[in-house]
Amino acid sequence: MKNGQLRIAVIKGDGIGVDVANATLAVIAAAERRIGGLSLGYEFLDAGAACFRVTGRDMAPAAEEAAAAADAIFLGAIGLPSVRREDGTEIAPRLRLREKLQLYAGVRPIKAYPNAPRRLADERAADIDLVILRESTEGLFYSAAAHNRSQIIGDDEVCETLRITRPTTEKLHDFAFRLAEKRKARGGKGRVTCVDKANVFRSMAFFRKIFDERAARFPGVERSYNYVDAQALDLIRRPWDFDVLVMENMFGDILSDLAGGLVGGMGMVACAEIGDAHGLFQPAHGSAPDIMGQDKANPLAAILSGALMLDYLAERYGLEAHANAAHMIETAIQAGFEANRLRPVEFGGDQGTAEVTREVIALVEEPRA
Ligand code: ATP
């Protein structure tokens with residue numbers, strides 16, 4: 001914070017990232033007009049595949065430092081399949097940011113909205129309301145190409161490392177239990193499920209051991225366990241039974257897409273990446289090059305990520321206006337679905353990115369009890 005103003009670093013990025021980031025800023029501006037006093041100062045940073053194509057760097061000089069100095073970072077989406085490094089991998093500076101800023105807690109809320117498609121026939125699918133908590137700095141992504149840690153043996157073999165450390169895992173599990181406590185206070189189930197593969201891997205048994213150690217500090221929260229393969233099955237069979245699911249990086253990467261599919265698609269999955277001193281907010285989806293430039297992207301995942309950012313700022317600095325703005329945006333989206341006023345093209349509806357954004361702004365501007 002500088003002179004009472006919160007500094008927000010914005011990386012719009014590539015493909016639909018630019019459109020959904022613009023949509024989010026427009027919705028936050030509408031909330032600001034109603035509430036006042038958000039005092040957000042934006043700094044726009046250049047990063048991503050387009051930046052790499054033009055400059056040979058995946059982030060503009062000093063952009064990393066500027067992001068680190070901000071009170072929060074908002075990111076649209078980064079990467080394009082047509083722009084790759086020599087080893088064939090895509091441009092992914094956000095992996096570096098996650099590691100540099102130690103954004104270990106990847107929070108992905110998965111919630112069923114009325115009138116949005118339900119992929120499961122069971123009526124209880126209307127009650128899906130869970131959070132995938134994905135560790136985001138180590139696990140198998142410790143070896144992601146962007147970190148250059150793979151062991152490459154000629155053209156015959158590549159070995160990757162899955163890393164689980166005690167300090168990060170303790171903080172992750174504490175985060176999971178605290179999140180479940182907060183959700184319980186708002187009427188949630190108050191349950192954390194440790195998702196692992198503790199029957200096969202030592203790293204995963206270690207992950208579970210630390211889960212049990214930390215659970216003892218949160219007696220008000222129920223705990224359970226699921227192997228990741230069984231969890232994939234249960235996300236189809238009975239997703240309404242789960243609350244907070246805590247897991248290793250790669251498992252979280254995969255299961256959050258599966259869970260997003262249950263409530264419509266990737267255009268509904270918001271994401272907060274939180275560390276001890278920094279927070280980065282972005283939709284869980286990528287740059288979606290198959291639909292870019294066509295006004296087809298659903299901006300709601302990004303807009304909900306914007307609400308998560310306001311919530312984070314509210315909690316970090318004790319700011320009531322920001323908590324109110326986050327609540328206003330979330331309830332506007334809920335009301336919009338209830339009244340069937342939000343019909344994104346992503347679900348076969350008639351509203352493109354611009355129209356969904358206009359409707360959310362109209363909903364935010366309406367008085368609501
Ligand atoms: P990344 O690895 O960077 O997360 P990805 O390769 O998993 O990206 P996405 O860009 O997330 O892929 O897209 C996956 C699919 O979901 C695509 O068919 C894309 O069009 C669709 N999709 C993603 N985001 C949205 C959105 N906001 N609105 C509509 N469809 C989307």
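Biologist: How far apart are the end C-alpha atoms of helix 1?

Modeller: Helix 1 holds 20 residues, 16–35; helices (H or I, at least four residues) and strands (E, at least two) are DSSP runs numbered from the N terminus. At 1.5 Å a residue it should span 28 Å, the expected span being 1.5 Å times one less than the number of residues. The end C-alpha atoms agree with this, at 29 Å.

Biologist: What kind of model is this, and from what number are residues counted?

Modeller: It is predicted: local features need pLDDT of at least 70 and side-chain atom pairs 80 or more, while totals for chains, interfaces and linings use all residues. Residues are numbered along each chain as its sequence is written, from 1.

Biologist: Which helices pack against the buried residues of helix 1?

Modeller: Buried (20 or more other C-beta atoms within 10 Å of a residue's own, all placed from the backbone) residues of helix 1 include Ile16, Val20, Thr24 and Val27. Contact means such C-beta atoms within 7 Å. Besides strand 1 (6–13) and strand 3 (72–77), the buried residues pack against helix 9, helix 10 and helix 11.

Biologist: Which glycine follows helix 8?

Modeller: Helix 8 (residues 249–262) reaches 20 Å between its first and last C-alpha. Phe251, Leu255 and Ala259 are among its buried residues, and their cover includes strand 4 and helix 7. With a positive phi near 130 degrees, the residue that follows is glycine 264.

Biologist: How many residues surround the ligand?

Modeller: Near means a C-beta atom, placed from the backbone, within 6 Å. The closest residues are Gly267, His285, Gly286, Ala288 and Asn298. The number surrounding the ligand is 15.

Methods
A residue is buried if 20 or more other C-beta atoms lie within 10 Å of its own, exposed if 12 or fewer, and partly exposed in between; C-beta atoms are placed from the backbone. Two residues are in contact if their C-beta atoms, placed from the backbone, lie within 7 Å.
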